[in-house]
Amino acid sequence: MVLFGLTVVRHGETRYNKDKILQGQGVDEPLSATGFRQADAAGVFLTNVKFTHVFSSDLLRAKQTAAAILGKNKFCRDLEIKCDARLRERKYGVAEGRPLADLKAMAKDAGEQCPSFTPAGGETLDEVRERAKDFFEFLCQLAVGLEQKEPDVPGASSRSMGTSKEQFVFPWTNHGSEAEPSSEGGGYSKILDANILVVSHGAYMRNWFGYLVSDLSCTLPGNLSKSQLSTVSPNTGVTHFVVKLKNGNLSKPEITCVCLNQDSHL
């Protein structure tokens with residue numbers, strides 16, 4: 001069995017976020033002073049979480065956020081941030097650099113509603129979802145590859161004994177240590193093959209999380225409704241999943257959402 005943690009953080013605020021102007025992929029704004037403070041706060045919130053891998057959108061606002069988070073981390077400040085274009089924000093074509101109100105007006109003129117409306121030169125929601133699906137499958141393959149590299153333990157029935165795996169501490173669950181509900185019902189396991197941090201963008205994350213729930217039957221926290229998935233994460237909102245792949249089966253991951261768009265650090 002392969003088990004990995006996946007923490008997804010939206011980038012910090014930019015001047016365009018504050019002014020409700022669409023950035024998409026064509027506007028590569030840096031973080032504002034507020035955005036850097038938010039990124040630092042997220043880093044403090046995650047300071048005791050030991051990540052094994054860090055991935056970021058290749059857009060500046062995401063890269064700066066990822067760097068700020070690692071800069072506050074006690075264990076992995078020198079971990080390489082790998083930039084991946086699959087994590088970019090949705091492309092809004094002719095609407096990029098224009099107020100959100102303009103996009104809504106374009107949608108109304110076309111007889112459609114946001115966010116399903118696609119402006120000229122933009123990406124459809126299905127195209128964004130395909131990018132997210134491709135990246136998630138890549139993460140699953142990465143975790144399986146790590147598990148397969150582990151040395152076999154004589155006498156152990158499987159590698160899930162955790163002899164060469166890491167234990168991780170999480171700030172958003174009881175006692176700061178739970179990662180995955182145990183079969184006994186009372187405790188949680190902390191043994192993971194990998195613990196991955198991803199920094200991306202609001203519309204992209206909403207689409208990705210929707211895919212995990214609708215297509216892969218991700219389990220949501222008891223106090224969360226599916227309708228809340230349609231809400232865009234606040235800047236530096238933190239979402240955490242635990243992903244289980246039984247027998248290395250990439251086609252049927254068991255996904256548990258521990259928290260969605262957590263912003264208590266703000």
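Predicted model: local features only at pLDDT ≥ 70, side-chain atom pairs only at ≥ 80, totals over all residues.
Biologist: Why is Thr236 called buried?

Modeller: Buried means under 20% relative accessible area. Thr236 has 0%, so Thr236 counts as buried. Thr236 sits in the loop between α6 (202-214) and β9.

Biologist: What makes the backbone of Thr236 worth a remark?

Modeller: Its phi is positive, about 65°, although Thr236 is not a glycine.

Biologist: Which other residue has a positive phi although it is not a glycine, and where does that residue lie?

Modeller: Asn261, with phi of about 50°. Asn261 belongs to strand β10. Its relative accessibility is 14%, and the cut-off is under 20%, so Asn261 also counts as buried.

Biologist: How do you know which residues belong to the "active site"?

Modeller: That comes from the UniProt record, an unreviewed entry, which places the feature at His11 and Glu89. Such annotations may be inferred rather than shown by experiment.

Biologist: What makes you say that the residues of the "active site" cluster in space?

Modeller: They are spread over 79 residues of sequence, yet the largest C-alpha distance is 10.5 Å. Both His11 and Glu89 are included in the lining of the largest pocket.

Biologist: Is His11 buried or exposed, and how do you know?

Modeller: His11 has a relative accessible area of 2%. The limit is under 20%, so His11 is buried. It lies in the loop between β1 (2-10) and α1 (15-18).

Biologist: And Glu89, buried or exposed?

Modeller: The value is 9%, again under 20%, so Glu89 is buried. Glu89 is found in the loop between β3 (81-83) and α4 (100-109).

Biologist: What does His11 touch?

Modeller: Leaving aside neighbours within four places in sequence, its contacts include Arg61, Thr65, Ser200, His201 and Thr236. Glu89, not counting residues up to four places away, has a list that includes Arg61, Glu123, Arg131 and His201.

Biologist: Why is the link between His11 and Arg61 called a polar contact?

Modeller: A polar contact needs a pair of N or O atoms within 3.5 Å, one able to donate a hydrogen and the other to accept it. The side chains of His11 and Arg61 are joined at 3.4 Å, so the distance passes.

Biologist: How do you know that Thr7 and His240 are joined?

Modeller: By a polar contact of 2.9 Å between their side chains. The cut-off is 3.5 Å, so this pair qualifies. Thr7 is in strand β1. Its relative accessible area is 0%, so Thr7 is buried.

Biologist: What makes β9 largely enclosed?

Modeller: Eight of its eight residues are buried, so β9 is largely enclosed by the rest of the structure. In a regular strand, side chains alternate between the two faces of the sheet. From β9, Val238, His240, Val242 and Lys244 point one way, and Thr239, Phe241, Val243 and Leu245 the other way. All of these are buried.

Biologist: How do you know that β1 and β9 pair?

Modeller: Pairing needs at least two bridges. Eight bridges join β1 to β9, so they pair, and they run antiparallel. Gly5 has Val242 in β9 as its bridge partner. β9 also pairs with β10, antiparallel, over six bridges. There, Lys244 stands opposite Glu254.

Biologist: What is the order of the open sheet, and why are β3 and β10 its edge strands?

Modeller: The six strands run β3-β2-β8-β1-β9-β10, with mixed pairing. β3 and β10 (254-262) each pair on one side only, so they are the edges. Neighbouring strands are turned by 20° against each other on average, direction ignored.

Biologist: In what sense do β2 and β3 pair?

Modeller: Parallel, over three bridges. Ser56 stands opposite Cys83 in β3.

Biologist: Which strands does helix α3 lie across?

Modeller: β1, β2, β3 and β8 (194-200), with α3 running at about 140° to β8. Helix α5 (residues 125-148) lies across β1, β2, β8, β9 and β10, at about 140° to β1.

Biologist: Where is the cis peptide bond?

Modeller: Between Cys114 and Pro115, with omega of about 5°. Pro115 lies in the loop between α4 and α5.

Key
Residues numbered from 1 in each chain as written. Heavy atoms only, no water. 1 Å grid on protein atoms, 1.4 Å probe; cavity = no way out; pocket = protein on both sides within 12 Å on 5 of 7 lines; lining within 4 Å. Helix = DSSP H or I, 4+ residues; strand = E, 2+ residues; numbered from the N terminus. Buried < 20%, exposed > 50% of the residue type's maximum accessible area, 1.4 Å probe, protein only. Contact = heavy atoms within 4.5 Å. Axes fitted to C-alpha atoms, helices over the stretch in contact; angles between N-to-C directions.
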